[in-house]
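Dear colleague,

I am passing on the structure below, together with some notes on its aromatic rings. Please read the notes with the coordinates open beside you.

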Amino acid sequence: MDEQGTSLLDALREQLQCHSVKDGCSPQGQCGCCTVWIDGAARVACVTALRRVAGRSVTTVEGLPLSLRARWVDAFAASGASQCGFCTPGIVLRLAALEGGSAAPTRQAVESALLAHLCRCTGWQSIVEAGCAALGIGDPGPATPSRQPPSPSAPVDRLLSSWRAQIEGPLYQSSGPDVILGGGGFADDTAPRSSLVQLGAAGGPPAPSLAAARGAAGKVQGRNSTVPLSHPVAVPDGVWALTLQTTWVEPAYLEPDASWCRPGGEPASPLANGGAFGGKRRSPVPTRARSLADEWQSPVRVLWCREDVVRHGPKRPPLALGLRPDGSGVVRIGRTPGSPDLGDLRARVLAVAPGLVLEEVEVAGPPVGPDLRGVGWVEVLAAQHALRARQARRGVGGDADAGDAGDAGDAGEAGAARVEVAVPDGGRAAVSLRTRGGPYGRGAVLAEVWAGELLDEVTLRSYVLGAVHQALGLVWAEGIAVDGDGAPLDLTIRSFGILAARDMPQVDVVLHQEDRWPVNGSDAVFAATVAAAWIAEGTPPRWPTRRAAGRRGRAAAASGAGEETG
């Protein structure tokens, strides 16, 4: 193999065609998807020079002993710890390496090990449960009999599991041991070895190899900033009972945009095993791959690096709103030049709040997307529930009609809330949240879900846990800094404010079987959790509400996830 300037990741993927090792952020070394064992220790391959592993043992999931690999796959399948499967090979290797330590592994050790990784789908808890089960840790987490994770012995119907995943996703998603081990059929894993490579959103001609494409692109690794978050959309003029401003939020889907195409063929989808929660629905890479393949009469791979995704991928639009005591008001949605039409977003907002006035405001910033999970309508629904809870706390009347979208939200004691939401044409969820106490001192969440026929409890529970995680992150910590010209400044995985496993409260899930056609349930959970989290925080006027805590968590992750470099 060519060792000159080659990373271990490129040697494995490009030269040895070992595609269980994924590239989610190279060469940032922050997503953990390229984790391998070097002499039995977990290391990220993208920042490890190939020359440094000469004469040493490198192990991927394919090289694990069969019994060990089967034990981890079974544990992940039983707890629903894998959805798209992009992150799981690296996580399996990281957690399995805990077995070789001098001390017996603990739940705390599992959560600390996960600081070196990002999973955007599962919300961490199911991964922690899988890790504890595979490592034989006796206390994977508190659970009453009605809220236990599904039994490892429960039979799994892969068709029903994929059906439920497609409803929640909402695009096709396969499941099974091969997916857990990285075989989800991701676009760049299936490209012909002889393909030309075009790297980056800036375009340019394709190169004969990824290494050559990197050299031609002159890529400069992105950094995170210390610039405060901005709230670019001003609150509407008026006298309001409740206001809210939000910031730029990075969807942070883990598999960067990728496609490939043969001349005259159909390009590979960047959504091969999951929908990125709407983030890639309008990705330009398939069209680019087809155009280049036809032009060069050769298979062509088109790849975005992490910095491209942050700079050019869609963001959750920043917004500002004001509500009157009766629930009427104005919502102002930020739209940047070149962003797609927001008509679908407007329609979804008006479906849950027909009495509001919607305004689009042009702001400088990265593209915004109307397809992201719950975008716009979830913020509005949360504001309506928050208004009702505030009025109930103060004993104030007022008819805040929320389009029959759920109960008013129970603020209850300080730091606690309960919200019930019914999504039009979807499921219903009731979320009770406490920000303090709980089994690990990080609070507790109870999510009850009605989503028609369950189909597969493990899969639905996994999506519910993921929805809770994304919702808490949206309210508490997520956001990226943008400069005065609208260019993103926070370009690394750890700068997005995503909650780590050790930041998460314990989440109990109760799934209610219904005699009706299956519908999406996790979006209702997402909406209810967003509302409950904001109410429990006391409805401060800006999200995220805990940015300082999020920055401390990322600093701890950066200091605690040291890797071999060179």
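This is a predicted model, in which local features need pLDDT of at least 70 and side-chain atom pairs count only at pLDDT 80 or more, while totals for chains, interfaces and linings use all residues. Residues are numbered from 1 along each chain as its sequence is written, and side-chain values use heavy atoms, with hydrogens and water left out.

F76 has a relative accessibility of 1% and therefore counts as buried (under 20% relative accessible area, with exposed meaning over 50% and partly exposed in between, for a 1.4 Å probe and protein chains only). W72 is likewise buried, at 0%.

A search of the whole structure gives 4 aromatic pairs (ring centres of Phe, Tyr or Trp, the last by its six-membered ring, within 6.5 Å; planes under 30 degrees apart are stacked, over 60 edge-to-face and the rest tilted). Among them, W72 and F76 form a tilted pair, because their centres lie 6.3 Å apart with the planes at 50°.

W534 is buried at 0% relative accessible area, and W543 is buried at 2%. The rings of W534 and W543 are edge-to-face, since their planes stand at 90°, with 5.4 Å between the centres.

Two arginines also sit over tryptophan rings (CZ of Arg, or NZ of Lys, within 6 Å of the ring centre and within 35 degrees of the ring normal): R428 lies over the face of W450, 3.9 Å from the ring centre, and R546 over that of W476, at 3.7 Å.
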